[in-house]
Amino acid sequence: MVTMLDVKNLKVMFHSKQAEMVAVDEVSFSVRAGETVALIGESGSGKSVTSQAIMGLLPDNGRIAGGEVSFLNQNLVKLSEKEMRRIRGMKISMIFQDATVSLNPTMKIGKQIVEGLHYHQLFPKKESKGEALRLLSIVGFENPSDIYHQYPGELSGGMKQRALIAMAISCEPQLVIADEPTTALDVTIQKQILDLMDDYKRRTETSILLITHDFGLVSEYADRVLVMYEGKIVEAADVFTLFRNPVHPYTKGLMNSIPRIEDPRVMLQTVRDMAVQEGTFEGRVFAPEVFSKDGVTYHAPSALIEVEKGHFVRFFTNKMEVSRT
Amino acid sequence: MNVGIWKQPQFITGLIILVSLLVASFVYPYFFELPKETKYLYENGNLVDVAPFPPSLVPPFGTDVFGRNLLALIINGAKYTLLIAFGIAMVRVMLGAVLAVIYHHYHDKLRPLFEDIIESTLFIPPAILGYVFLSPLAVKYSQENSGFAEMVATQSLVLILMGVPPLVSVFSKDMAKITDKEHIVSTLSLGAKNRYVYFKHVLPEMASRFWLVIAQQIIQVLILLSHLGVLYIFIGGAATIIDGDLLSAHEVYVSLTGEWAGLIGSNYEAIYHTPHIVLIPLGFFFLAIFSMNLVINGIQNNLKWSDRGRGW
């Protein structure tokens, strides 16, 4: 399978007046054609920043401090703004978390959907309305011509999210980055939206980078999973391996914090509970890169280690080995 | 602004008053002669009274110091006063918006310095700044006998430029808030150019705000014009007339356009003995400002309704 996106040692930093902080550190992963890769982690773990860095849409105070983002063997980090604009929307597009704020409230839906077509001049302006109606029907609207003339405020959350998906797929991109596309929706609508994206992916061989904090969605829709914690990928595996054998304490913590319907009386475990348990091994809480114990400084392995075929874990081996300096 | 604005009673009331004043001002010369000077009032060959005449003698507002009907002068001057104020406000906002785009987009590092300068100039009364810039111009044009249009254009330009920097600062802050919104990032993620974002998203989103600021600027310009009038700075220039008798001849400055500030300025010295000559043009300034406030309230109410309707 062709590798669509290959991220190598990506490092993103943000600066404030006082200091510069690392938001994404040495992140490496790839997305192959027609594959759904899930990037999972709690808020602030660096998932969205990773997606913004791929799109070249980091906020003004952010910068890519190192690494490569290759899309079909083209390093996006080195492209000019003009070259990046040709990639955005056309080859890589993005679905945002909250459609309510991601759609312009003062602009009709139809006009927003054809925006991408206009930038990339894929359709003459006269024909773009027909294309917009087609896109609206693809994402499940039975009355696309009505929706075309409506403002976002007139639509429900699920309808807005569908409109946002129509915008994202308008130029038939090869990679869609879905940044928590269902977080703002209720459970039944979540499933509809993800089924829609999955169906589109299967029909068009589009790759999806699914950013989420919901293991339920990951288990159903992703092919591979990358678990992010504090700006680093701490575990990566295919979805079956990860659910069968989660190794990193953070991954275990995330999984154990999901309520189980078959065992409702058990108190839910938090990520921190897991940290304390795992911390009994040499005092490590998610094994920071450098830590001291009893006056001795330890350096944990900083690279992802392959614990089984295709299953990578950071800072953790079965023997809990660290190098002593 | 959307069609909902026409359902705002305050907006419509304010607009009707202003439009009525303008229509009356344009129509007036077609039906009536412009008021003539009548300094002395004779009855049976005997001198009865000297201008300014009180409202009881020349209803409804009496006359100015030259015996001209004050109502006729006010109606005639309304078009100059209101249109000049509207024009200056309009150009200020347009120029402010264009410069704000450039300023917001390109001059991130200079922003704190610019903001400090702007904030410090806000403490200087605009009438003083206006007087400092416009009085040398008035002298120059009276000496060179330049054309009326050139005079109005130059004075308006000065008044426009005086008001633009604070607007650039205000608009650029508004633009910063809008460009931080997620729907702008969403647009950029589709490959939009910054120019497209400003023209299709940012400026249209600010359209209602622009109308609001234009209305606020009209009020500011009207207040500024009335202050400048007291300082004998009249838009369109002034004619100097020697008034009084042989023993007490003195210069009087009369506005060439007849705009309201000119009426206040040229009659200002009469405020002690015939205050109505100054108070009536001031009252019309008040009426115009009151009407603009109604318009502003209407726009603000409409903005609130629009926001709710769109689910913001």
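Good morning, everyone. Let's start inside chain B, where helix H10, residues 276-309, contains Ser291(B); helices here are DSSP runs of H or I with at least four residues, strands are E runs of at least two, and both are numbered from the N terminus. Before I go on, this is a predicted model, in which local features need pLDDT of at least 70 and side-chain atom pairs count only at pLDDT 80 or more, while totals for chains, interfaces and linings use all residues. Residues are numbered from 1 along each chain as its sequence is written, and chains are lettered from A and ligands numbered from 1 in the order in which they are written.

Back to our serine. Is Ser291(B) buried or exposed? Ser291(B) is buried, because 24 other C-beta atoms lie within 10 Å. The cut-offs are 20 or more such atoms within 10 Å for buried, 12 or fewer for exposed, and partly exposed in between, with C-beta atoms placed from the backbone. Setting aside neighbours within four places in sequence, Ser291(B) contacts Gly14(B), Ile17(B) and Leu18(B); a contact means C-beta atoms, placed from the backbone, within 7 Å. There is also Phe11(B), 280 residues away along the chain, with its C-alpha atom 8.4 Å from that of Ser291(B).

Now, the two chains together. On the chain B side 20 residues are in contact with 24 residues of chain A. Helix H6 (182-188) and helix H7 (194-205) of chain B each bring at least two residues to that side, and H6(B) has the largest share, six residues. By class, the chain B side has seven nonpolar, eight polar and five charged residues. For those classes, Ala, Val, Leu, Ile, Met, Phe, Trp, Tyr, Cys and Pro are nonpolar, Asp, Glu, Lys and Arg are charged, and the others, including Gly, are polar.

On to chain A, which has 13 helices and 15 strands. Of its 325 residues, 43% count as buried. An automatic or database assignment sets the domain bounds: domain 1 is 1-91 + 175-244, domain 2 is 102-172 and domain 3 is 245-324.

Next, a sheet. Four strands of chain A form an open, antiparallel sheet in the order S2-S1-S4-S5, where pairing requires at least two DSSP bridges between two strands. Strand S2 (20-32) and strand S5 (74-75) of chain A are at the edges with a single partner strand each, so one side of each has no neighbour in the sheet. Strand S1 (residues 3-15) of chain A is joined to S2(A) by nine bridges. One to look at is Val12(A), whose bridge partner in S2(A) is Val24(A).

Last, the cores. The largest nonpolar core has 86 residues, and Ala163(A), Val225(A) and Leu226(A) have the most contacts inside it. Such a core is a set of buried Ala, Val, Leu, Ile, Met, Phe, Trp, Tyr and Cys residues joined through C-beta atoms within 7 Å. Helix H8 (residues 157-168) of chain A gives the most to this core, seven residues. A second, separate core has 69 residues, among them Phe210(B), Leu222(B), Leu228(B) and Val278(B).

Technical notes
Contact = placed C-beta atoms within 7 Å.
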